[in-house]
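Please load the model in your viewer and keep the sequence panel open beside it. The tour moves from one selection to the next and says at each stop what to look for.

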Amino acid sequence: MSAIATPSLLDPAVQIAEAAGREILSIYAAGFEVETKTDDSPLTSADNAAHRLIQTQLQALTPAIPVLSEEGGIPAFAERRQWPRYWLVDPLDGTREFIKRNGEFTVNIALIEAGRPVLGVVHAPVLSRTYTGMIPADAPAVAERQDSEGRAAIATARIDAGPLRLVVSRSHRHPQVEALLERLPAFETVSMGSSLKFCLVAEGAADCYPRFGPTSEWDSAAAQCVVEAAGGKVMSPDGTALCYNTQDSILNPNFVVVGDPQWRWMDYLEGLPVERR
């Protein structure tokens with residue numbers, strides 16, 4: 001394991017994410033073609049360019065820490081299970097939003113230790129906004145938002161008597177999400193793409209983001225760290241925390257992002273499928 005302390009990696013990880021964001025924006029402005037991967041998800045030259053930049057710079061920063069990226073190969077679990085610490089990267093989260101040119105896409109970089117994200121960077125290039133989370137073993141957790149107005153601490157919101165504020169996927173609306181909405185008391189919804197949905201919860205602008213249907217571990221890890229550093233929780237419908245690198249598959253179970261873990265979420269989640277993959 002690298003001897004580099006987690007806090008000292010945060011600012012370099014932000015710089016790498018922002019550099020990847022600039023690379024993405026140059027392609028966003030110049031135009032791009034869209035390919036289709038074997039899982040029917042879209043791929044652009046921006047995905048590949050961001051992957052190459054992040055892979056190269058993370059390896060230079062921490063040569064002893066492996067990098068697992070969506071656009072790189074996935075080592076066999078027999079190898080991955082030996083990793084006590086590794087980088088987990090989605091070079092361009094929200095490729096569909098990138099293609100739609102609505103600005104709702106991000107660069108996600110997470111550091112995983114013992115199956116849990118301990119550092120997370122979510123950078124939104126079009127918005128010039130970066131969310132960070134850090135959960136050191138020997139210090140208080142810290143979550144921040146950085147933008148043109150500077151850097152400020154963020155925290156999730158406690159639920160009061162008003163309607164719940166739910167954020168839902170712009171591109172993926174699952175029947176089990178509808179089933180959950182039917183159970184909840186008064187609520188209002190907003191749609192959003194990519195891991196920005198997590199970030200709305202992290203900064204207290206939403207109370208819950210339910211996600212049912214397949215996602216990969218690189219889709220959630222960085223933003224989970226931001227949410228949990230801000231005081232929230234990311235969990236399966238049965239209440240267990242979302243963990244990483246515990247099986248051969250890199251697919252997540254269904255999960256729910258909540259800002260106020262003390263609220264009665266389990267009253268409404270009971271019986272909804274976990275679907276561990």
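Helices here are DSSP runs of H or I with at least four residues, strands are runs of E with at least two, and both are numbered from the N terminus. The model is a predicted one, in which local features need pLDDT of at least 70 and side-chain atom pairs count only at pLDDT 80 or more, while totals for chains, interfaces and linings use all residues. Residues are numbered from 1 along each chain as its sequence is written, and side-chain values use heavy atoms, with hydrogens and water left out.

**First stop: a loop residue**

Select R101, which lies in the loop between α4 (95–100) and β5 (106–113). Its phi is near 60°, a positive value in a residue other than glycine. For accessibility, buried means under 20% relative accessible area, exposed over 50%, and partly exposed in between, with a 1.4 Å probe and protein chains only. R101 is partly exposed, because its relative accessible area is 43%. As background, most residues other than glycine have a negative phi.

**Second stop: the hairpin of β5 and β6**

Move along β5 to A114, in the loop between β5 and β6 (116–124). The hairpin formed by these strands has two residues between them, and A114 takes a positive phi near 50° there. Is A114 buried or exposed? With a relative accessibility of 76%, A114 counts as exposed. By contrast, β5 is mostly covered, with seven of its eight residues buried.

**Third stop: the sheet**

Now display the strands; two strands pair if DSSP finds at least two bridges between them. Seven strands form an open sheet in the order β3-β4-β5-β6-β7-β8-β9, with mixed pairing. The edges are β3 (67–69) and β9 (150–153), each of which pairs on one side only. From one strand to the next, the twist averages 15°, where axes are lines fitted to C-alpha atoms, for helices over the stretch in contact, and angles run from 0 to 180 degrees between N-to-C directions.

- β3 and β4 (residues 85–93) run parallel and are joined by three bridges; V67 has W87 of β4 as its bridge partner.
- β4 and β5 run antiparallel and are joined by seven bridges; E113 in β5 is the bridge partner of R85.
- β5 and β6 pair in the antiparallel sense over seven bridges; G120 in β6 stands opposite A110.

Contact here means heavy atoms within 4.5 Å. Then select helix α7 (residues 217–229), which packs on the sheet and touches β3, β4, β5, β6, β7 (129–134) and β8 (142–147), its direction making about 100° with that of β6.

**Last stop: α1 against α2**

Which residues make the contact? Among them are L9, P12, I16 and E23 of α1, and S45, A49, L53 and Q57 of α2.
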